Amino acid sequence: MQSVEALQKTFSVEGVRFCRRDGLVMVKVTNAAASALLTTHGASVLSFTPLSEASSQQDWLWVSEAAIYTGEKPVRGGIPVCWPWFGPADKPGLPAHGFVRNQVWDLTSVSAVSPTQTELVLTTVSTPETLALWPHAFKLQLKVTIGESLEVVLTTHNQSDQPVDITEALHTYFSVSNAPEVVVDGLQGSECFDKLTYAESYFQTAPLKIHPPIDSVFIDQAEPVVIRDLGYGRCLCIEKESAVSSVVWNPGPEIIKGFADMDDQAWPKMLCVEAGNVLQNAVTVPPGSEHAFRMVLTEQSYSLGSS
């Protein structure tokens, strides 16, 4: 694990500081456009707050007050990286959502691109331990750009001599004023799979009104998705490239009781809207090749849109 002292010495960049919270290394970033907090554990972005007067100046991301920072499990909230599979593993005994969200990544690059933009690159590679879980050599890179928008690019390098199939997601926990009053727009036209009821799939025809609990996967969905939040007076827009799935999740008042790292009363204040490639949208990466998908988050003033 890279120590706080070594990181501060290696990456002496204006507006970037390192500290430790319990067992985790934290990276604090501040520039003229935004402030952010990341951890090398899981390469997870835990906070992003725009600073411009035109913005809400409220954190876009939600992290549980009961989150665990010991390293024994991923921090509950922010933007966990789900890879090389999303959801339950094919084999019993393997962790849900893959294994990289509970690994310590290496911080390999930090740069102040401009006064309003800071870029960080984190990487993790295959080891004997990962090969025992998933028998493919790989290098995985996450590039995070903090500015007026938040941009995250996840790049898979297949270093094996065989094609590999992956599913993947950036499992973003958004902070919302009250989940049952939020509308998610842009999912229209995509096929929806309800992972709570496993009812027959259907095509979404209207903006999605949130009625927790919800765990819905939308495939073949490439258009921007907008979280319309009247209570916070803002719309958060999720754009993606080389990713054609979206997932909407909120545990509601009963399911949340099964999570030790979430307060039972926290569910109205969060909503996961995830970008990636899941279910039928799995990606095949040829040997020696790479696949990258990009997610960009921006803020707009509240508008009704098509809802």
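Author: A disulfide is counted here when two cysteine sulfur atoms lie within 2.5 Å of each other. In general, such a pair is joined by a covalent bond between the sulfur atoms. By this rule the structure has zero disulfides. Cys-82 is in no disulfide, as its nearest cysteine sulfur belongs to Cys-272 and is 9.2 Å away. For Cys-237, also in no disulfide, the nearest cysteine sulfur is that of Cys-235, at 9.0 Å.

Before going on, a word on where the values come from. This is a predicted model, in which local features need pLDDT of at least 70 and side-chain atom pairs count only at pLDDT 80 or more, while totals for chains, interfaces and linings use all residues. Residues are numbered from 1 along each chain as its sequence is written, and side-chain values use heavy atoms, with hydrogens and water left out.

The next term is burial: a residue is buried under 20% relative accessible area, exposed over 50% and partly exposed in between, for a 1.4 Å probe and protein chains only. Cys-82 has a relative accessible area of 0%, so it is buried. Cys-237 is buried as well, because its value is 6%.

Now the backbone. Most residues other than glycine have a negative phi, and most peptide bonds are trans. To place the exceptions, one needs helices (H or I, at least four residues) and strands (E, at least two), which are DSSP runs numbered from the N terminus. Trp-83 and Pro-84 are joined by a cis peptide bond, with omega about 0 degrees. Pro-84 sits in the loop between E5 and strand E6 (106–114). A cis bond also runs from Pro-212 to Pro-213, where omega is near 0 degrees. Pro-213 belongs to the loop between strand E16 (208–209) and strand E17 (214–219).

Is each of them buried or exposed? Ala-43, in the loop between strand E3 (34–39) and E4, counts as buried because its relative accessible area is 1%. Asp-220, in the loop between E17 and strand E18 (225–229), has 52% and is therefore exposed.

Asp-229 is found in strand E18. Its relative accessibility is 3%, so Asp-229 is buried. Contact means heavy atoms within 4.5 Å. Leaving out residues up to four places away in sequence, Asp-229 touches Ser-175, Val-176, Ser-177, Val-182, Arg-234 and Tyr-302. A polar contact is a pair of N or O atoms within 3.5 Å; within protein, one must be able to donate a hydrogen and the other to accept it, and residues adjacent in sequence count only if both atoms are side-chain atoms. The side chain of Asp-229 comes to 3.2 Å from the backbone nitrogen of Gly-231. By contrast, 34 Å separates the C-alpha atoms of Asp-229 and Trp-105, which are 124 residues apart along the chain.

Ser-64 counts as buried because its relative accessibility is 4%. Neighbours within four places in sequence aside, Ser-64 is in contact with Arg-76, Asp-261, Met-262 and Asp-263. A polar atom of the Ser-64 side chain lies 2.5 Å from the backbone oxygen of Asp-261.
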